[in-house]
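The sequence and structure are shown below.

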Amino acid sequence: MSDKRMRQRTAPEDRRTVERLVAAWLAETERHDTEAAGEARAGWERGALSEQAAQDLATWVTARVTDTGFTEDEGPYVAGPVRITPSDKDTVHGWLRARGHAV
């Protein structure tokens with residue numbers, strides 16, 4: 001996403017996107033690694049994800065993009081528990097970078 005486009009988005013809109021996707025990420029992580037999910041949830045609630053949790057979130061959101069924007073002829077819609085667009089991924093990555101994480 002371009003810097004100009006990022007500036008046009010509102011902070012509350014970005015926060016809602018991040019909250020929605022973090023909730024889905026934590027739920028999925030909890031099913032596979034309860035200890036890691038607990039640590040990540042504690043960091044999220046404190047407002048400070050660890051670097052490992054931030055990297056896991058960034059990788060997860062990239063891997064889970066479900067709405068590619070392609071038409072049926074161009075490529076498939078990827079089913080998932082939440083709708084994640086490329087713009088959502090950029091929002092999460094930008095949010096993490098703004099908090100000092102290398103994404």
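## Helix α2: extent

Helix α2 comprises 22 residues and reaches 31 Å from its first C-alpha to its last, close to the 32 Å expected at 1.5 Å a residue. The coordinates come from a predicted model.

## Buried residues and their cover

The buried residues of α2 are Asp14, Thr17, Val18, Leu21, Val22, Ala24, Trp25, Leu26, Glu28 and Thr29. The elements that cover them include α3, α4 (51-63) and α5 (86-98).

Glu28 belongs to helix α2. Its relative accessibility is 12%, so Glu28 counts as buried, the cut-off being under 20%. With neighbours within four places in sequence left aside, Glu28 is in contact with Trp60 and Arg64.

## Packing of α2 against α3

Helix α2 (residues 11-32) packs with helix α3 (residues 34-46) at an angle of about 155°, and their axes lie 7 Å apart. Angles over 145 degrees count as roughly antiparallel; α2 and α3 are therefore roughly antiparallel to each other. The crossing in which α2 passes α3 is left-handed.

On the α2 side, the contact is made by Arg15, Val18, Glu19, Val22, Trp25, Leu26, Thr29, Glu30 and His32. On the α3 side, Thr34, Ala36, Ala37, Ala40, Arg41 and Trp44 take part. Sorted by class, this contact of α2 with α3 has eight nonpolar, three polar and four charged residues. Among the α2 residues of this contact, Val18, Val22, Trp25, Leu26 and Thr29 are also buried.

Note on methods: Residues are numbered from 1 along each chain as its sequence is written. This is a predicted model: local features need pLDDT of at least 70, side-chain atom pairs count only at pLDDT 80 or more; totals for chains, interfaces and linings use all residues. Side-chain values use heavy atoms; hydrogens and water are left out. Axes are lines fitted to C-alpha atoms, for helices over the stretch in contact, and angles run from 0 to 180 degrees between N-to-C directions. Helices (H or I, at least four residues) and strands (E, at least two) are DSSP runs, numbered from the N terminus. Angles under 35 degrees count as roughly parallel, over 145 as roughly antiparallel, 65 to 115 as roughly perpendicular and the rest as oblique. A crossing is left-handed if the near helix is turned anticlockwise from the far one by less than a right angle, and right-handed if clockwise. Contact means heavy atoms within 4.5 Å. Ala, Val, Leu, Ile, Met, Phe, Trp, Tyr, Cys and Pro count as nonpolar, Asp, Glu, Lys and Arg as charged, and the others, Gly among them, as polar. Buried means under 20% relative accessible area, exposed over 50%, partly exposed in between (1.4 Å probe, protein chains only). The expected span of a helix is 1.5 Å times one less than its number of residues.
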